[in-house]
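Please read the points below with the sequence and the structure open beside you. They are notes from a colleague, and each takes up one part of the picture.

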Amino acid sequence: MFELLGISPQALFGQLLIGLINGAFYAMLSLGLAVIFGLLNIINFCHGALYMMGAFVAYLALQHLGLGYWPSLIVAPVVVGAFGMMLERTMLRHLYKLDHIYGLLLTFGLALVIEGVFRNEFGASGLPYGIPPTLSGGQNLGFMFLPNYRAWVIVASLGVCLATWYVIERTKLGAYLRAATENPTLVQAFGINVPRMITLTYGLGVALAALAGVLAAPIYQVSPLMGSNLIIVVFAVVVIGGMGSILGSIVTGFTLGVVEGLTKVFYPEASSTVIFIIMAIVLLIRPTGLFGRAH
Amino acid sequence: MRGVKSVKALGLAAAVALAAGTAQAQVSDGVIKIGVLTDMSSLYTDLAGAGSVVAAKMAVEDFGAAAKGMKVEIVSADHQNKPDVGSAIARQWYDADKVDVIVDVPNSGVALAVNEVTREKNKVFLVSGAASSALTGDKCSPNTIHWTYDTWALANGTGRAIVKTGGDTWFFITADYAFGHQLEADTSAVVKEMGGKVLGAVRAPLNTPDFSSFLLQAQASKAKIVGLANAGGDTVNSIKQASEFGIVKGGQNLAGLLVFLTDVHSLGLPVAQGLIFTEAWYWDMNDANRAFAAKFAPQDKGIHPTMIHAGVYSAVTHYLKAIEQAKNDTDGKAVVAKMKSMPTDDKLFGKGTIRADGRHIHDMYLFEVKKPDESKKPWDYYKLRATIPAAEAFRPVDKGNCPLTKS
């Protein structure tokens, strides 16, 4: 049957694996978006720009401080997360009571500003960032050559996704967070500092984006445009998964990565469109997304 | 066609005669307005973009326009790689803003659209950034000159060199728009002509971040050569990821069909070393080029000039020379005819000619990217493998199917 479609089973497995790897990035980015939307009600359009900042912090840390890849995995999310918290404190928190559209406009504007600043400073064609020596090379799996670094990306992304899901859905801290979004006044009455918690949550979402940026740096060019190339797809992933649904964004991220990968084999011209076709269909059939609940 | 030509010649003669008494009177509103239409925000920004504006300004300065009493103004805009945006800007420039000539326009899709608008409005279009050989082929226009390079020249230079050294089976990863298709078609033709075989091709959407899926298909094809019929960020990402997936270690070789200096800079020599490709110009080839680069780089964030920047400089210089002699910038066809009638000569491209189909003819070069230890200074990236003489570098004028060359 596979041969009928013009592709051998070996090649198909290879493409499935590649799809999973790309899905890992979609999952990590859409996870951050889902956390921020679910708990803050902000459509964080500057997520792509913050992902790009994560990659740039890694690049600059290597160039100017001699910090390699592994420390950057910690440093970049912390730095960019702090930057995100500053954004939240100074700008975003004024918008919580307003319509979604205001948050969307503000963050979209921020994305353009951040990207513009980086493009002006570093140009558009990108900067090189090597694969860490411990992860260079790859394994021959028989049906494909799997670069070690890509394998690491899947593992790291799955780990981070599951940890985030666990913290928010299964721990006491997560319970506070969810309660705070449900009824902030009541939670505050119990003596919990809700505004600070919201700031930290936004910081966490942003840090996830920055972490994805560091993971992406050795694969893609560290370029001011890397975020905008990805963010629209990631938004589609969030919409398909159901706005604000954490598990939904993880599952959808990986699934759509695979779907996109398969499209690249059977009809590559459509590979940049297929996700939006699925989004349109899902919105028609289930307007709240696959995992979303109607409010 | 002969009749049309002689009418054109008459018109030109009349214009020159009229202008003789009133030196600048025929230059529309006394100002020669040059519009640099380029990519200011996306993947071609560094290889053209703001640098093309710098190059145009340097051409005007070096020409000494002010001292000669010519008023030249430069405007620029971002076409966002969208043909509709590009042609809308071109219309506005020609109709409302009195722009006389549009230069650069990287992205063949946009260039082909501007080509038609320029023909309709009878202005001048000097192409440096775009690659499609259709601009001097079946889409050729009496208002357009294609200056720096084209897909045929790239295919011919790189394709020929690679097939000669044994790379006779090819698989293409092609950018899915006018330019990529043309580059793939032109290269396939060269490969087949030389007795090689094309095993397959895959069309990747423009601005794809991840090429691994396409690279796996290339790997599975077992072709000796993976031809990258793309440009800018797409080329950079495909080369970088090809090294990650061990394409070259697995015995296949990459052929970057369109690689720019800025791409090599962005990849870094450890990844880019050994790549072979064809270009029209390199900054470190002679003293004139080095002097140009030294003056150019500080004005463009340290980016050293690419062949596109040099082409903008050279084309604008020749345009100003033609205007100086014709004393007329209102009739685009007449200006282009004048430009074709004069041999070209400037410090960057040296001596050359412009053919009836609008193709600027000059030498092309086959370069190889240096190994990291061969590079002695910043931006020291290429070594020259071969010079492709002007007579062989471009598609023969009778093979292009350009209506202008048929009488």
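1. The buried residues of helix 4 of chain A pack against helix 2 (47–65) and helix 9 (226–241) of chain A. Here a residue counts as buried if 20 or more other C-beta atoms lie within 10 Å of its own, with C-beta atoms placed from the backbone, while helices (H or I, at least four residues) and strands (E, at least two) are DSSP runs numbered from the N terminus. The buried residues in question are Gly103(A), Leu106(A), Thr107(A), Ala111(A), Ile114(A), Glu115(A) and Phe118(A).

2. Before going further, please note that this is a predicted model, in which local features need pLDDT of at least 70 and side-chain atom pairs count only at pLDDT 80 or more, whereas totals for chains, interfaces and linings use all residues. Residues are numbered from 1 along each chain as its sequence is written, and chains are lettered from A and ligands numbered from 1 in the order in which they are written.

3. Helix 4 of chain A covers residues 100–122, and its 23 residues reach 33 Å from the first C-alpha to the last, close to the 33 Å expected at 1.5 Å a residue; the expected span is 1.5 Å times one less than the number of residues. After helix 4 of chain A comes Gly123(A), whose phi is positive, near 80°.

4. How many residues does each chain bring to the contact between chain A and chain B? Chain B brings 37 residues and chain A brings 32, where two residues are in contact if their C-beta atoms, placed from the backbone, lie within 7 Å. On the side of chain B that touches chain A, strand 7 (197–204), helix 7 (212–221), helix 8 (232–244) and helix 9 (261–267) of chain B each supply at least two residues, and helix 8 of chain B gives the most, with 7 residues.

5. Chain B is assigned domain 1 (2–149 + 285–362) and domain 2 (152–279 + 364–393), with bounds that come from an automatic or database domain assignment. The C-alpha centres of these two domains of chain B lie 29 Å apart, and 19 residues of domain 1 are in contact with 20 residues of domain 2.

6. Chain B also has an open sheet of 3 strands, in the order 11-12-13, with antiparallel pairing; two strands pair if DSSP finds at least two bridges between them. Strand 12 (residues 350–354) of chain B is joined to strand 13 of chain B by 2 bridges, and Thr353(B) stands opposite Ile361(B) in strand 13 of chain B.

Definitions and conventions
A residue is buried if 20 or more other C-beta atoms lie within 10 Å of its own, exposed if 12 or fewer, and partly exposed in between; C-beta atoms are placed from the backbone.
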